[in-house]
Amino acid sequence: MAASRPALIALTALAPISWGTTYAVTTEFLPADRPLFTGMMRALPAGLVLLALARVLPRGVWWGKAAVLGALNIGAFFPLLFLSAYRLPGGMAAVVGSVGPLIVVGLSAVLLGQRPTARSVLTGLVAAFGVSLVVLKAAGALDAVGVAAAFASAASMSAGTVLTKRWGRPDGVGPLALTAWQLTAGGLLIAPLALLVEGAPPALDGRAVGGYLYLALANTAIAYWLWFRGIGRLTATQVTFLGPLSPLTAAVVGWAALDQTLTPVQLGGMVLAFGATVAGQLGVRPPVRGSFGSPGGDHRKGSPDLALSAPRR
C-alpha cells in the first residue's frame, strides 16, 4: 500500500535529519583533515552495498545519466561541501548552502517547467535567514575559495535534485538501484582525487571504523535512498525545502551531545527555518501518480547534507 503524502514527506525528511549528525560524527570519531577520504568512505561502500542488493546495472544512456547524477549529487557535492566547511568560520558553509531551495526553484522553472511563485521565493529567503540565525557565530574573515565551494556545493546538489526529477529512472528500476548507481559513481569519482591530494588512507582505530560504518550505512545508503525515493514522489521544491532540517539537527545534536548552548536568537532562527520547511510542503500540487520515470508519467511536471553548523573543535 502506498504511503500517504504526509508519511512520505516525513520519511524523506529523515534524510536531512540524518545528515545533520554528520558534523558531530566527523569531529568526534573520524581522522582530522581528511575530507576527500571521508567523502569516499561515505559514498563508495554504501554504493557497492546497495548495488549488491539491487543487482541492476545501468543500460544504454543511463550509464551516462548515472555518472552525471552521481557527480552532481555525490562526487562533486561531497568534496566541495567538506572544502567549504574547512575554510569558512562557524556555520557560514551552512548559511551559503541554505540557498539551495532558491536554486532549485530557479532550475525547476528552466528544466521542469514549474513557474516560481512569490511564496516559494519568500519561503526560501525565510529558510536561509532562519538558518543564518541558528548557525552564525562571531564574525570571522571569509575565505573566497570557501564561499565559492559552499555555493558550488549547493548548486551541484540542487542541479542533481532537479535532473533526478527530470530524468526519472528506467522502467522497472526502483529508487534502490538509482541510489546505488549514483553513490558508486560518485565514490569512484572521489577515490582517485583523495589518493592524489591526501595520499594513502590513514590508520583507523575502532572509533573511526564505527564512525565510517555509521556514515556509510545509516547516513548515506539509507538516507540517500529515502531522499531519491522522495524526489520520485514529491516535487523537487518540496524535497529541497526539507534541507534546512540538516543544520537544525546539527544545532540540536551540538546542544544535546557536545555541550553547546542555544541562545534565544538561535531558537528563534530554528522556529523560522522549521516554519519555512513546513510552508515548503503546503499548497504544492502533488506530482502525477507514477510520474517518476514510469510508463505514461511526465516527470517534468511533477540538500545540505553535512551541516557543519556548530563551532569547530
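How are helix 10 and helix 11 oriented to each other?

**Entry 1: the model.** I worked from a predicted model, in which local features need pLDDT of at least 70, side-chain atom pairs count only at pLDDT 80 or more, and totals for chains, interfaces and linings use all residues. Residues are numbered from 1 along each chain as its sequence is written, and side-chain values use heavy atoms, with hydrogens and water left out.

**Entry 2: helix 10 and helix 11.** I took helices as DSSP runs (H or I, at least four residues), numbered from the N terminus. The axes of helix 10 (residues 175-198) and helix 11 (residues 206-233) come within 9 Å and cross at roughly 120 degrees. Axes here are lines fitted to C-alpha atoms over the stretch in contact, with angles from 0 to 180 degrees between N-to-C directions. The two helices are therefore oblique to each other; under 35 degrees counts as roughly parallel, over 145 as roughly antiparallel, 65 to 115 as roughly perpendicular and the rest as oblique.

I then listed the contact (heavy atoms within 4.5 Å). Helix 10 supplies Pro175, Leu176, Thr179, Gln182 and Leu183, and helix 11 supplies Thr220, Ala221, Tyr224, Trp225, Phe228 and Arg229.

**Entry 3: aromatic pairs.** I counted rings of Phe, Tyr and Trp (its six-membered ring) as paired if their centres lie within 6.5 Å; planes under 30 degrees apart are stacked, over 60 edge-to-face and the rest tilted. The count came to 7 aromatic pairs.

I looked at tryptophan 62 and tryptophan 181, a tilted pair with 6.0 Å centre to centre and 50 degrees between the planes. Tryptophan 62 lies in helix 4 (residues 62-75) and tryptophan 181 in helix 10, so the pair ties together parts 119 residues apart in sequence.

Phenylalanine 78 is in helix 5 (residues 77-87) and tyrosine 224 in helix 11, 146 residues apart. Both are buried. Ring pairs also join Trp19, Phe77, Phe78, Tyr224, Trp227 and Phe228 into a cluster.

**Entry 4: serine 108.** I found serine 108 in helix 7 (residues 100-111). Serine 108 is buried, at a relative accessible area of 1%. Leaving out residues up to four places away in sequence, serine 108 touches Gly113, Gln114, Val162, Ala236 and Thr237. Serine 108 and valine 162 are 54 residues apart in sequence, with 6.3 Å from C-alpha to C-alpha.

Notes
Buried means under 20% relative accessible area, exposed over 50%, partly exposed in between (1.4 Å probe, protein chains only).
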